[in-house]
Amino acid sequence: VQILINGIISGLSIALLAVAFQVVYLPTRVFFIGLAGVYAIAPYLVYTCLDWGMGWLLSICLMISGSIGIAVLCEWGSHARLARRGASSGAHLIASLGMYIILVQTIAMIWGNNPKTLRTGLDVVSHLGNVTITGAQWIILCSAVFLLSSFCFFLSKSSFGNRMRALADNPNQFALVGYNVDRYRLLAFGLAGMLASTASFVTSYDIGFDPYTGLHTILIAVVAVIIGGRTTFTGPILGALLLGILRAMVVWYWSARWQEATTFVVLAAVLLFLPEGLLGRKNRVDTAI
Amino acid sequence: MNYLLHILIYFEIYLVVALSLNLVVGYCGLLTLAHAGFYAIGGYTYAILSLNLGWGFIPASLAGAAIAAVMSLTISLPSWRLRGDFFILASLAVQALLFSTLYNWSSTDAPLGSWKNLTNGPFGITAIPRPRIFGQTLSSPIAFALFATIVTAFCVLVVWRLKRSPWGRLLIAIREDELATRGLGKNTRRTKIQVFAISSALVAIAGAMYSAHVRYIDPSSASLDESILMLSMVIVGGMGNFRGPFVGAAVLIILPEILRFLALPDAQAANIRMLIYGLLLILMMHFRPQGIAGEYRLQ
């Protein structure tokens, strides 16, 4: 049971990031690797705010608004312009990769390459039967469950959520009906920035952070998106939970060294045998979704 | 003088890398992130064979090329069905697997190069012998530079001949419209296997040159960052023609050397270099998607 709980908790933090990725990918078709840069910079913002003597709450608020700002800047400065010129998805991906590199190198130049932590000392531990859960894990659990459920609620109930789904379904039709596509794209990027920064904060509160964790983590989140189904907003949550449990089991029964290899074997298998994912619509991989 | 020779050798290694990657990315239109894995396979094969079995450079690098060509099936088979972002992800999976294998194939209680401790894991392989050709060891930098030039010229010739052949035109046809090419009765799947095998074999030779020159190799040669660097070289230089890789390799080599003369603090120099690459990628995508000297725009 302990493995299962650990898996679910790490799956939830992957799920936050996977949803953040999907919230941009579905409506805009931008493979937003720059999100890895946002993910990397978020804990440094908290770290600096705390260093300047601000409280936790203010630091976290500043981190979230800073991350939203960076994500929106990526869209406004680069992706929106590329999209207006009808650039290919490859061009978006490469530009996004460039943005990631710039963000990470800036972090490394300002704060250095060394790993850092947000808290000192041992974490508080609570026991539920024979399961042990640390304080940091509680934070991940509560914030992820709150954010993911409010995201699902917002997506299915609010009119803004409906418009987001409509944009994902058919951007051209969405524009024809008279909505401002650019504004909704900006909002999607902002939402992604918020979710990614929260995911980053709760994870780094647990295990610490360094400038280079972002890309690796976002790739795992993308694997979760593929497993869950790349045509749905909620599929990634399921994919992330499964992936989290699988990764926890690999560590327990085999070795942490093979965690990555296992993750990517699963990715290859899903791409080849179940390209639409668990919850996705049936579609050929090479057709536009 | 040694400094210039060193730069020349690096330029040649990167040139072979860029030429081979351009075959896949520029001519065939498939963005791959697994290239560094095959580069490392070449480097490791040379290191292990020369260190443990005393093989010379030519047989050892050819063995590396053969292994890389066979391993390239892991990436060419997914390319049958996947395109665009999803092919890139599949290539990333291959890169992660190759990296994990090189990183984990080690054991502390077995000698280096034995079956149980083939790659020495994260510590890498040190004291790789200098290359031996026909029984002669190339110990001076100038001899190695000359030899590297010959090997590079051979690789350039191979790519040049391929590019001008009907097979090269078939690659471009696949890039432009795979379905139409199949409609014309061309076997596009076989061609994809071939292009990945050739490209991986060439980059494995570059990897062997690298490990023979530096005399040390570790799994970071197969890392994602290395793949991204290779890709940016091709994208910045230009895709889909013969000049692009020359420009890309030159930019990659000259930029750090210029920065070196600007007397930047050591701790920041590597970061600034990477930052400029990142900026170049964005600027290229906005203002010149085909790269400095390229012909093909990324799809």
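Student: How many residues does the contact take from chain B and from chain A?
Tutor: The contact takes 35 residues from chain B and 41 residues from chain A, where contact means heavy atoms within 4.5 Å. Keep in mind that this is a predicted model, where local features need pLDDT of at least 70, side-chain atom pairs count only at pLDDT 80 or more, and totals for chains, interfaces and linings use all residues. Residues are numbered from 1 along each chain as its sequence is written, chains are lettered from A and ligands numbered from 1 in the order in which they are written, and side-chain values use heavy atoms, with hydrogens and water left out.

Student: What area do chain B and chain A bury between them?
Tutor: About 3600 Å², with 73% of it on carbon and sulfur atoms. Buried area is the accessible area (1.4 Å probe) that two parts lose on being put together, summed over both.

Student: What makes A:R185 and A:E75 a salt bridge?
Tutor: The term asks for a side-chain nitrogen of Lys or Arg within 4 Å of a carboxyl oxygen of Asp or Glu. Here the closest N and O atoms are 2.9 Å apart, so the pair qualifies. A:R185 sits in helix α8 (residues 181-207) of chain A and A:E75 in helix α3 (residues 56-84) of chain A, 110 residues apart. A helix here is a DSSP run (H or I, at least four residues; strands are E, at least two), numbered from the N terminus.

Student: Why is B:R175 called buried?
Tutor: Buried means under 20% relative accessible area, exposed over 50%, partly exposed in between (1.4 Å probe, protein chains only). B:R175 has 13% relative accessibility, so it counts as buried.

Student: What about B:E178 and B:K192, which meet in a salt bridge: buried or exposed?
Tutor: B:E178 is at 12% relative accessibility, so it counts as buried. B:K192 is buried because its relative accessible area is 1%. Their N to O distance is 3.0 Å.

Student: Why is A:I220 called buried?
Tutor: A:I220 has 5% relative accessibility, so it is buried. It touches A:I14, A:L243, A:R247 and A:E260, not counting residues up to four places away in sequence.
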